[in-house]
Amino acid sequence: MKLGAHISPISRSYIENADVVFMGVSSGLVELWIQEMNGDVRSLQPYYQEGKSRLKTYKEMVKVMLDEVRKGKKVCGAFYGHPGVFAWAPHKAIEQAKAEGFKAHMEPGISAEDCLYADLGIDPGTYGCQHYEATQFLLYKKRIESTAYLILWQIGLTGDLDLTQNNAKKDYLEVLLDLLVKDYRPEHEVIIYSASLTALNNFSERKVPLMSLPNEKLSMNDTLVIPPAKKMLRNELFVTKLNEIV
Ligand SMILES: C[S@@+](CC[C@H](N)C(=O)[O-])C[C@H]1O[C@@H](n2cnc3c(N)ncnc32)[C@H](O)[C@@H]1O
């Protein structure tokens, strides 16, 4: 997540010792940094194109990585954050490689979620924490637990049904608001969070009332944090059951 700081020693070693490294990062600075670690570093960024479905892009990424694996090369895919968190291509590439009989595995990384807990001082264990992808959250019925944190990923892509958009339209955010106000007051304070990507910048934390969400400018790097709105209620039935055990 943070340039030069959040890479684990083992991930670095895989990058250094691979025959070819594919890079799934959008920052030119990060690309230059990774290029210092290996002589054959290839960017996956050119597969993204305006108006093109991201699913098509992800499938092309998997194919290009697998093509090199099939040639017998040691291939490393370097993705920002945790490669397995809200990320389709890394999981798919590993699954496909294994299905074809190759050895493949994922190394964990420091995700936006990890930065969020540290920067905002949130412990997911205190009240519990639900995580959803913002568009999926609208498309499928979920049981919202408003005594816990609700974290919506890809808020900047809300409503992007054909996966071709790169910003959230106000109308789509209004629909999200319609859903959220069933469980939260319109004045409930929410946080638009963005982790810092370099040591030169701080993280950003914009606190706004829920009702103003559709008017906010949201970026691809924003995650929405909705703090609990209600107190947790003791489940007396189960408290009694536990107390009855001697
Ligand atoms: C495709 S997912 C990739 C997440 C990444 N694999 C990770 O481990 O954080 C992209 C979403 O992650 C979240 N995200 C990415 N960068 C972020 C940042 N700098 N700060 C906060 N959230 C971020 C946003 O919700 C964004 O829409």
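Author: Let us begin with glutamate 60, which is partly exposed, because its relative accessible area is 24% and partly exposed covers the range between buried (under 20%) and exposed (over 50%), judged with a 1.4 Å probe and protein chains only. Please keep in mind that this is a predicted model, in which local features need pLDDT of at least 70 and side-chain atom pairs count only at pLDDT 80 or more, while totals for chains, interfaces and linings use all residues. Residues are numbered from 1 along each chain as its sequence is written, and side-chain values use heavy atoms, with hydrogens and water left out.

Reader: With which side chain does glutamate 60 meet in a salt bridge?

Author: Side chains of opposite charge can pair when their charged atoms come close. A salt bridge here is a side-chain nitrogen of Lys or Arg within 4 Å of a carboxyl oxygen of Asp or Glu. For glutamate 60 the N to O distance is 2.6 Å, and the partner is lysine 52.

Reader: Is lysine 52 buried or exposed?

Author: The relative accessible area of lysine 52 is 14%. Buried means under 20%, so lysine 52 counts as buried.

Reader: Where do aspartate 67 and lysine 63 lie?

Author: These two residues form a salt bridge, with their closest N and O atoms 2.9 Å apart. Aspartate 67 is partly exposed at 26% relative accessibility, whereas lysine 63 is exposed at 51%. Helices are DSSP runs of H or I with at least four residues, numbered from the N terminus, and strands are runs of E with at least two. Aspartate 67 and lysine 63 are 4 residues apart, about one turn of the helix, and both lie in helix H3 (residues 54-70).

Reader: How far from glutamate 31 is the nearest side chain of opposite charge?

Author: Glutamate 31 lies in helix H2 (residues 28-35), and this residue is buried yet has no salt bridge. Contact means heavy atoms within 4.5 Å, and, leaving aside residues up to four places away in sequence, glutamate 31 touches Met23, Val25, Ser43 and Gln45. Lys and Arg count as positive and Asp and Glu as negative, with His and the chain ends not counted. The nearest side chain of opposite charge is that of arginine 42, at a distance of 12 Å.

Reader: How far apart in space are valine 175 and proline 214?

Author: Valine 175 lies in helix H8 (residues 170-180) and is partly exposed, with a relative accessible area of 44%. In sequence, valine 175 and proline 214 are 39 residues apart, but from C-alpha to C-alpha the separation is 9.0 Å.
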